[in-house]
Amino acid sequence: MKCNEAITFIHEYMDGDLDAQGRMDLRQHLVDCAACRQRMDQYTRTTALIRSMPRSPVPDYLVDSVMQALPGTRKRQVWTRWVRQHPAVTAAVLFIAVMLLSLVSMWDSDTRLMVKGDDLDQLIITKNQVIVPAGHVINGDLYVENGELVVEGQVNGNLVVVDGRLNLASTALISGEHSEINKAIDWLWFKMGEWVEAVTP
């Protein structure tokens with residue numbers, strides 16, 4: 001907790017409005033910060049001094065005038081307090097939201113044929129078609145985006161076709177799984193899986 005937050009918490013504590021978590025956070029900050037501890041001590045002594053002073057009678061018209069001049073009660077914004085108390089979670093949620101928006105904006109942004117995998121020299125690649133010829137073996141996964149993948153030979157791995165079409169000939173042999181991703185939500189899950197796999201050690 002920073003000192004400017006602690007000052008807000010001190011005022012709420014003095015007013016009796018600070019919840020249990022806030023009291024615990026403030027207590028921890030006061031243990032670590034001598035300046036705020038001194039400030040809290042001054043507030044406490046000032047409040048005690050004011051309360052110990054003899055009270056003078058106040059005319060009724062003065063009370064009414066003051067009450068009418070006060071601004072309306074401000075509605076307490078619970079979510080801003082939550083955000084202030086959980087900055088790490090807030091930052092993580094914002095990061096995920098930005099990532100999702102970025103990924104969704106990338107969907108359908110590029111229509112060029114993209115081919116990834118091993119043994120690409122075994123493939124026949126035309127304008128928008130990728131062919132695994134009969135009698136040829138691809139060792140590893142094969143990824144094709146924005147095109148048609150025609151498999152006549154053997155693939156020792158997984159096949160993924162994004163925003164395209166997969167055509168398996170009767171001679172095709174696939175040792176792994178094959179999937180076609182043609183919806184934005186499927187593509188989003190696939191990209192998130194790729195991203196998680198890339199950042200996971």
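Predicted model: local features only at pLDDT ≥ 70, side-chain atom pairs only at ≥ 80, totals over all residues.
Residues are numbered from 1 along each chain as its sequence is written, and side-chain values use heavy atoms, with hydrogens and water left out.

Helix 2 spans residues 20-32; helices (H or I, at least four residues) and strands (E, at least two) are DSSP runs, numbered from the N terminus. With 13 residues, helix 2 reaches 19 Å from its first C-alpha to its last, close to the 18 Å expected at 1.5 Å a residue, where the expected span is 1.5 Å times one less than the number of residues. Within helix 2, the residues Gly22, Leu26, His29 and Leu30 are buried. They cover an arc of only 100° around the axis, and therefore sit on the same side of helix 2, the arc being that of the directions from the helix axis to the C-beta atoms. On the other side of helix 2, Ala20, Arg27, Val31 and Asp32 are exposed. In these descriptions, buried stands for under 20% relative accessible area, exposed for over 50%, and partly exposed for values in between (1.4 Å probe, protein chains only). The buried residues of helix 2 pack against helix 1 (3-14), helix 3 (34-52) and helix 5 (78-85).

One of the buried residues of helix 2 is His29, with a relative accessibility of 10%. When residues up to four places away in sequence are not counted, His29 touches Met1, Lys2, Cys3, Ala6 and Cys36, contact being defined as heavy atoms within 4.5 Å. Lys2, which is among these partners of His29, is placed in the segment before helix 1 and is exposed, with a relative accessible area of 59%. Between Lys2 and Leu166 there are 57 Å in space, C-alpha to C-alpha, and the two are 164 residues apart in sequence.

Another helical residue, Thr90, lies in helix 6 (residues 87-106). Thr90 is buried at a relative accessible area of 16%, and, its neighbours within four places in sequence being left aside, Thr90 is in contact with Trp82 and Val83.

The largest pocket has a volume of about 380 Å³. On a 1 Å grid over the protein atoms alone, a pocket is an open set of points where a 1.4 Å probe fits, with protein on both sides within 12 Å along at least five of seven lines, and lining residues have an atom within 4 Å of a point. Grid points are joined across faces, edges and corners, and the volume is the space filled by probe spheres set on the points. The largest pocket is lined by 17 residues, of which Asp141, Tyr143, Val160, Phe190 and Glu194 are the closest to its centre. At least two lining residues each are supplied by strand 1 (114-117), strand 5 (142-145), strand 8 (159-162), strand 11 (178-181) and helix 7 (184-199), and the largest share, 5 residues, comes from helix 7. The lining divides into 6 nonpolar, 5 polar and 6 charged residues, where Ala, Val, Leu, Ile, Met, Phe, Trp, Tyr, Cys and Pro count as nonpolar, Asp, Glu, Lys and Arg as charged, and the others, Gly among them, as polar.

Several loop residues were also examined. Asp118 lies in the loop between strand 1 and strand 2 and is partly exposed, with a relative accessible area of 43%. Beyond residues up to four places away in sequence, Asp118 touches Ile138, Asn139, Gly140 and Asp141, while its C-alpha atom is separated by 65 Å from that of His11, 107 residues apart along the chain. Asp119, in the loop between strand 1 and strand 2 (124-125), has a positive phi of about 55° although it is not a glycine, and counts as partly exposed at 28% relative accessibility. For Asp163, found in the loop between strand 8 and strand 9 (165-168), phi is near 50°, a positive value in a residue other than glycine; Asp163 is partly exposed, with a relative accessible area of 30%. Gly176 lies in the loop between strand 10 (173-174) and strand 11 and is partly exposed at a relative accessible area of 28%. Apart from residues up to four places away in sequence, Gly176 touches Gly157 and Asn158, whereas Gly176 and Leu94, 82 residues apart in sequence, are 36 Å apart in space, C-alpha to C-alpha.
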